Amino acid sequence: MMRILDKIKQSRAVVLLRKLLRQGMSAQKLALTISLGVVLGIIPVFGFITAVCAAIAAWWRLNIPLAIAVLYAAMPLQIILFVPFIRLGEWLFSIGKLEIAPEKIVENIQLAPLSYMNQIWYSIIGALGAWAIVSVLLGVLLYLLFFMIIVRFKKKKPL
């Protein structure tokens, strides 16, 4: 058991967290930076989110490299949660169900490409709405969780 705890204490994530804590960054800002990265890392839109994360982190005077690192670490969740956000958005906003089976996609593109593209846009907008609702609660919970963890780490003596 002690070997496992020693390995955890020496892991890159823990060492990086301790270095960040020693740089004078407050627990509030560090928790906010991590929460921001996670919340933006699961947004159901691909492509431009790194710039958005960097801009928000700069505006709030947070640690930009840490926010982007957490964003990238959370991006596998973005892929996993893409369809659930679409389905939640369809349910919340009464949007017609988007067919995402490969054979249905091909069939819909062949039969009515503009109508299907329109349906995709509505589903993505619904997914963004669902993400916005979920992210508020998730962001607050993550902030509180990370704040408590960071405060606990700060109280311990460095190795």
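User: I'd like to learn to read helix packing. Which hand does the crossing of helix 3 and helix 7 have?

Analyst: The crossing of helix 3 and helix 7 is right-handed. Keep in mind that this is a predicted model.

User: How should I describe two packed helices in general, and what is the case here?

Analyst: The general idea is that a packed pair is described by the angle between the two axes and the distance between those axes. Here, helix 3 (residues 27-41) packs against helix 7 (residues 113-155) at an angle of about 145°, and their axes lie 8 Å apart.

User: Which residues in helix 3 and helix 7 meet?

Analyst: From helix 3, the contacting residues include Leu 30, Ile 34, Ser 35 and Val 38. On the helix 7 side, Trp 131, Leu 138, Gly 139, Phe 146 and Lys 154 are among them.

User: Now the whole protein: how many helices and strands are there?

Analyst: The protein has 7 helices and 0 strands. Of its 159 residues, 31% are buried. Among contacts with a separation of 6 or more, 72% join residues 24 or more positions apart.

User: And the surface? Which residues make the nonpolar patch?

Analyst: Trp 91, Leu 92, Phe 93 and Ile 133 make a nonpolar surface patch of about 450 Å². Helix 5 (residues 64-93) gives the most to this patch, with 3 residues. The accessible surface of the protein is about 10,500 Å², and 71% of that belongs to carbon and sulfur atoms.

User: Why does Phe 93 count as partly exposed?

Analyst: Partly exposed covers the range between buried, under 20%, and exposed, over 50%. Phe 93, which sits in helix 5, counts as partly exposed because its relative accessibility is 41%.

Technical notes
Residues numbered from 1 in each chain as written. Predicted model: local features only at pLDDT ≥ 70, side-chain atom pairs only at ≥ 80, totals over all residues. Heavy atoms only, no water. Helix = DSSP H or I, 4+ residues; strand = E, 2+ residues; numbered from the N terminus. Buried < 20%, exposed > 50% of the residue type's maximum accessible area, 1.4 Å probe, protein only. Contact = heavy atoms within 4.5 Å. Areas by Shrake-Rupley, 256 points an atom, 1.4 Å probe, with all protein chains shown as cover. Patch = residues over 30% accessible without salt bridge, like charges linked within 9 Å, V, L, I, M, F, W, Y side chains within 5 Å. Salt bridge = Lys/Arg side-chain N within 4 Å of Asp/Glu carboxyl O. Axes fitted to C-alpha atoms, helices over the stretch in contact; angles between N-to-C directions. Left-handed = near helix turned anticlockwise from the far one by under 90°.
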